[in-house]
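Here is a short tour for anyone who likes to read a structure element by element. Keep the viewer open and follow along.

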Amino acid sequence: MATETATLAPTREEIVTWVTDSTNEVFQTMLGMEASVTEHYVEEPGAGLTMGVIGIIGLVGEWTGTAVVSCSSDLACKIGSTLFMSEYASVTDEVLDAVAEMTNMIIGNLKNHLENRLGQMGLSIPAVVFGRNFATRRSGKESWYVMNFSVNGEKFEVQLCLAPNQNAALSGNGIPRIMTLA
Amino acid sequence: MAMDVLIVDDSAAIRKILQRVLRQTEMPIGNIHEAGDGVEALDMLSKNKVGLVLSDINMPNMDGLEFLSKLKADAEHKDVPVIMITTEGNQNKVMEAVNLGAAGYVRKPFTTEQIKEKLTGIV
């Protein structure tokens with residue numbers, strides 16, 4: 001089982017490629033914007049983001065994980081304005097809805113890549129946090145992949161943590177009982 | 001004669017975007033109704049006559065496939081075209097939607113033109 005898990009585990013290069021493709025496709029198709037990778041690295045768990053607009057979504061299946069998408073309030077307003085063709089000068093409920101849907105679509109597309117390797121997965125309903133001077137913490141012991149993009153000169157970040165799910169509840173045919181909401 | 005449309009998606013953002021896309025088409029669109037899941041959608045259909053449904057697949061309470069199945073089993077609504085719009089990449093689910101009677105399928109993310117093309121081909 002441990003050998004199978006190690007064989008299945010995507011490489012860092014694959015993760016970067018899949019996240020990049022998913023992020024680019026959503027930005028180009030939905031917003032007509034380019035998202036170019038500026039840097040990517042691996043971080044250990046611990047202190048996380050402290051400000052901005054943050055979209056959070058969970059993945060579950062034979063593998064489980066969390067994805068976090070974040071950007072500045074200015075970029076969030078640009079995303080909302082473009083997506084809804086309305087002008088947003090400040091972060092409103094509509095802007096937060098836009099970031100939640102961007103999170104849903106980016107990670108939903110990433111899920112399609114991951115499923116080819118890791119088996120069927122489900123997504124949770126996305127949650128969005130907005131503010132400044134708050135504290136977040138990445139618990140557990142798994143490393144996080146961090147990918148930074150430049151969108152209209154502003155930073156857009158995608159973080160991903162993945163691990164084999166030791167507690168996947170299997171149905172009769174061996175497939176985890178999961179529900180997808182993407 | 002203007003046609004009412006029902007949009008079924010648990011994302012308020014997607015419902016808003018699809019409303020805008022529908023208004024941009026040259027189709028005679030009347031009222032646009034919204035539902036957040038299959039249960040709400042069936043309730044909406046019991047109160048309103050619509051000529052087109054755009055539905056997500058993965059939703060809480062009742063997903064798009066169960067909703068589609070129930071709609072197609074209802075003599076009053078079985079001829080209403082349903083277009084599935086979803087991030088779902090699982091081809092089994094897409095095929096299931098087609099087998100259940102979906103008139104078409106559009107994958108998220110989508111462009112306005114993709115939606116318009118699909119509508120033109122179906123309605």
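## A parallel pair in chain B

Strand 1 of chain B and strand 2 (residues 29–35) of chain B run parallel and are joined by 5 bridges. Please keep in mind that this is a predicted model. Within the pairing, B:Ile7 has B:Glu34 of strand 2 of chain B standing opposite.

Helix 1 of chain B covers residues 12–24, which makes 13 residues. From its first C-alpha to its last, helix 1 of chain B reaches 19 Å, close to the 18 Å expected at 1.5 Å a residue.

Which residues of helix 1 of chain B are buried? They are B:Ala13, B:Ile14, B:Lys16, B:Ile17 and B:Leu18. A lysine, B:Lys16, is on that list. As background, an α-helix has 3.6 residues a turn, so residues three or four places apart point the same way.

What do these buried residues of helix 1 of chain B pack against? Within chain B, the partners are strand 1 (3–8) and strand 3 (52–55). From chain A, helix 3 (73–84) and helix 4 (93–118) take part as well.

## Chain B as a whole

Zooming out, chain B contains 5 helices and 5 strands. Along the sequence they follow the pattern β-α-β-α-β-α-β-α-β-α. The radius of gyration of chain B is 13 Å, close to the 14 Å that the globule rule gives for 123 residues, so chain B is as compact as a globular protein of that length. Its C-alpha trace spans about 30 × 30 × 25 Å along the principal axes of chain B.

Of the 123 residues in chain B, 36% count as buried. Looking at contacts in chain B between residues at least 6 apart in sequence, 63% join residues at least 24 apart.

Chain A has 4 helices and 9 strands. Its elements come in the order α-α-β-β-β-β-α-α-β-β-β-β-β along the sequence of chain A. Buried residues account for 39% of the 182 residues in chain A. Among chain A contacts between residues at least 6 apart in sequence, 70% join residues at least 24 apart.

The buried residues in helix 3 of chain A include A:Leu75, A:Ala76, A:Cys77 and A:Lys78. A:Ile79, A:Gly80 and A:Leu83 are buried there too. After helix 3 of chain A comes A:Met85, with a positive phi.

## Backbone spots to check

Most residues other than glycine have a negative phi, and most peptide bonds are trans. The table gathers a few places in the model that are worth a look against that background.

| Site | Backbone value |
|---|---|
| A:Met85 | positive phi, near 55° |
| A:Asn133 | positive phi, about 55° |
| B:Asn61 | positive phi, near 70° |
| B:Lys108 and B:Pro109 | cis peptide bond, omega about 0° |

Where do these sites lie? A:Asn133 is in the loop between strand 6 (127–132) and strand 7 (137–138) of chain A. With 6 other C-beta atoms within 10 Å, A:Asn133 is exposed. B:Asn61 belongs to the loop between strand 3 and helix 3 (64–72) of chain B. This asparagine, B:Asn61, has 12 C-beta neighbours inside 10 Å and therefore counts as exposed. B:Pro109 is found in the loop between strand 5 (104–107) and helix 5 (112–122) of chain B.

## A last stop in chain A

A:Gln166 lies in the segment after strand 9 (154–164) of chain A. Is A:Gln166 buried or exposed? It counts as exposed, because A:Gln166 has 9 C-beta neighbours inside 10 Å. The C-alpha atoms of A:Gln166 and A:Arg12 are separated by 22 Å, and the two residues are 154 residues apart along the chain.

Technical notes. Residues are numbered from 1 along each chain as its sequence is written. Chains are lettered from A and ligands numbered from 1 in the order in which they are written. This is a predicted model: local features need pLDDT of at least 70, side-chain atom pairs count only at pLDDT 80 or more; totals for chains, interfaces and linings use all residues. Helices (H or I, at least four residues) and strands (E, at least two) are DSSP runs, numbered from the N terminus. The radius of gyration is taken over C-alpha atoms; the globule rule is 2.2 Å times the number of residues to the power 0.38. A residue is buried if 20 or more other C-beta atoms lie within 10 Å of its own, exposed if 12 or fewer, and partly exposed in between; C-beta atoms are placed from the backbone. Two residues are in contact if their C-beta atoms, placed from the backbone, lie within 7 Å. The expected span of a helix is 1.5 Å times one less than its number of residues. Two strands pair if DSSP finds at least two bridges between them.
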